[in-house]
Amino acid sequence: MSIFRNVVFVAALAGLCAGILMAAMQAYATVPLILEAELFENAGGGHDHAAEAAAPAAAEQAVAEAEEEEGWAPEDGFERTFYTVLANIVTGIGFGLVLVAASELAGGIRNWREGIFWGLAGFAVFTLAPGLGLAPELPAMPAADLATRQVWWIATVAATAAGLALIAFRRTLPLALLGLALIVVPHLVGAPQPESHDSPIPADLHHSFVVAVTVTNLIFWVALGMLVAMFRQRISIPAGEARESLA
């Protein structure tokens, strides 16, 4: 039980620190771009203003229905910042648990170099591979059905993780080829796409957002791997016992 508790403690500490780092990077790199995109969204995007002027009651009803569908959202300012930081911390701890569990089953992260390796693997699985089919989206951008996108995202993450594991830990040509096939198949199937890609968001703004999200996630995952290595060294976790406890 103490081994399991130490594993959770390492993941929580590393995830907390990485989540705070991610929140700080987002405040500088991605939040300004989101706020800029919201200006285009609030300005009406591609709506037909002449039609709205001819039928104000219908326009007001559409706005009310849209607000009802969106549900509750935090107010701009401190409340929005607080919930953003909290979400990043919770996400960081969750990814920390995944990273620690996977690495302990493989023998544990023994130093910062292995931490970087595992962090890059996490980035490839959870950011790079899904992002090749489903790029990060700004407000007012068109998107395919949410449920369909979630199914494709989960399948891509699972296939990429399994493929990398076969390539890294099974080191035989047939299994390496199988791993490569698992990584490629979701992209051959293709991610679900919206009926139209028309958007009021400028292309250069979206490009900047995709770059910012990718870079911040890369730094997050590398930092998470290194933090796991650092805390694991301070909180002794015998690799064999940890593997048995998690198996």
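User: What order do the elements run in, from the N terminus on?
Analyst: In this predicted model, the chain reads α-α-α-α-α-α-α-α-α-α from the N terminus. The tally is ten helices and zero strands.

User: What makes α3 count as a helix?
Analyst: A helix needs a DSSP run of at least four residues. Helix α3 covers residues 49–54, so α3 passes that cut-off.

User: How confident is the predictor across the chain, then?
Analyst: On a scale from 0 to 100, the chain averages 84, and 81% of the residues score at least 70.

User: Why is the set around Val10 and Phe220 called a nonpolar core?
Analyst: The label calls for buried residues of types such as Ala, Val, Leu and Phe, joined through side-chain atoms within 4.5 Å. The largest such core has 20 residues, and those with the most contacts inside it are Val10, Ala14, Val100, Phe220, Leu224 and Val228.

User: Which residues does Val100 touch, leaving aside neighbours within four places in sequence?
Analyst: Val100 is in contact with Val7, Val10, Ala11 and Val228.

User: What is in the second core?
Analyst: That separate core has eight residues, including Leu33, Leu205, Ala212 and Val213.

Notes:
Residues are numbered from 1 along each chain as its sequence is written. This is a predicted model: local features need pLDDT of at least 70, side-chain atom pairs count only at pLDDT 80 or more; totals for chains, interfaces and linings use all residues. Side-chain values use heavy atoms; hydrogens and water are left out. Helices (H or I, at least four residues) and strands (E, at least two) are DSSP runs, numbered from the N terminus. Buried means under 20% relative accessible area, exposed over 50%, partly exposed in between (1.4 Å probe, protein chains only). Contact means heavy atoms within 4.5 Å.
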